[in-house]
Amino acid sequence: MPFSHGSSPRGSVRHLREFLSIRDEWQELHADSVRRTPFLSFAFIRLWYDCFAAPDQVRIYRVKEGKSTIGFLPMVLRRRNQLRTLESLTNDHCFHSEPLVRKGCEDEFPAGLLQEIQEDRNGWDVFRHRFSYSFSRFPGLFGEDLLAPSGLSWRRRRQPTYSIRVKRPFDEYYRGDLTRGFRKLFRKYRNRLARRGEVSYRHYQGEEAVNAWPDFLRIEDSGWKGSAETSIKRIAPNFQRYYNG
């Protein structure tokens, strides 16, 4: 059953109830995407909205090619300093804000998305998309070739992060890319671990990782994060619901 909340003619979503009504369409598109990441699954997007947005703050732009949906971009509408600000589904605990795009439609999607956003120009004042990585399929979400002739006033901010893609052995990266000072720091901490005795590393996945989660929470809460009350065990209830979900 369709719901009317001032939706655009092409069917973008403007309420949580509308999002719940397109579950099958979302899941079909997710199954047909190149990167079937859990952070774009219907379950995750619903969890994020349940924890961090009011139902009428939900905004999801639908991009179509003919009668077929080729992608979605989930957003949230907030009021900041009297401005209606469209923001990506990001906060201090979540840095995943990719669009969901059908396989084979990646080249057409950005232009279609920008058109949708511009057609909804009366519904927002500021559009803010954060945490798009250089190795993303859509770095910066829109290329400058699209933004420059759009007539929109825009600004792109870049900053270094600790997320990198290494396409060669770690030893080559260590010797060739890291500074002398960082290599010295690396050896310092490696020696500190060696002095503690035997050290082992475990990589948990799947159900084993879920079972180890309580130990992670206990260890994180035992140090400076617990003292500063920034550990997961001490943050706001909605963030704890997010992690539990």
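Predicted model: local features only at pLDDT ≥ 70, side-chain atom pairs only at ≥ 80, totals over all residues.

Student: Which residue forms an aromatic pair with F52?

Tutor: The partner is F239; the two rings are 4.9 Å apart, centre to centre, with 50 degrees between their planes, so the pair counts as tilted. F239 is also buried, with a relative accessible area of 19%.

Student: Where in the chain are F52 and F239?

Tutor: F52 belongs to helix α3 (residues 42–52) and F239 to helix α10 (residues 237–244). They are 187 residues apart, and the pair links distant parts of the chain.

Student: How many aromatic pairs are there by this rule?

Tutor: The count is 21 aromatic pairs. Another of them is formed by W213 and F216, a stacked pair with 5.2 Å from centre to centre and 20 degrees between the planes. These two residues are separated by about one helical turn, because they are 3 residues apart in helix α8 (residues 206–222).

Student: What is the relative accessibility of W213, and that of F216?

Tutor: W213 has 28% and counts as partly exposed. F216 is partly exposed too, with a relative accessible area of 40%.

Student: Changing topic: which charged ends sit over rings?

Tutor: The charged end of R121 is over the ring of W124, 4.2 Å from the ring centre. Likewise, the charged end of K188 lies over the ring of Y189, at 5.8 Å from its centre.

Student: Now helix α2, please. Which of its residues are buried?

Tutor: In α2 (residues 23–31), W26, L29 and H30 are buried. Viewed down the helix axis, the buried residues fall within an arc of 100 degrees, so they line one face of α2.

Student: What covers them?

Tutor: The cover includes α1 (16–21), α3, β1 (58–65), β2 (68–80) and β4 (100–101). On the face of α2 turned away from the buried side are the exposed residues D24 and A31.

Student: You mentioned β2. Which strand is joined to it by 6 bridges?

Tutor: That is strand β3 (residues 83–88), and the two run antiparallel. R78 stands opposite T85 in β3. The strands β2 and β3 form a hairpin with 2 residues between them, and N81 in the turn has a positive phi of about 55 degrees.

Student: And how do β3 and β5 run, parallel or antiparallel?

Tutor: They run parallel, with 3 bridges joining β3 to β5 (residues 126–128). The bridge partner of E87 is R128 in β5.

Key:
Residues numbered from 1 in each chain as written. Heavy atoms only, no water. Phe/Tyr/Trp six-rings, centres within 6.5 Å; stacked < 30°, edge-to-face > 60°. Helix = DSSP H or I, 4+ residues; strand = E, 2+ residues; numbered from the N terminus. Buried < 20%, exposed > 50% of the residue type's maximum accessible area, 1.4 Å probe, protein only. Lys NZ or Arg CZ within 6 Å of the ring centre and 35° of its normal. Arc of directions from axis to C-beta. Contact = heavy atoms within 4.5 Å. Pairing = 2+ DSSP bridges.
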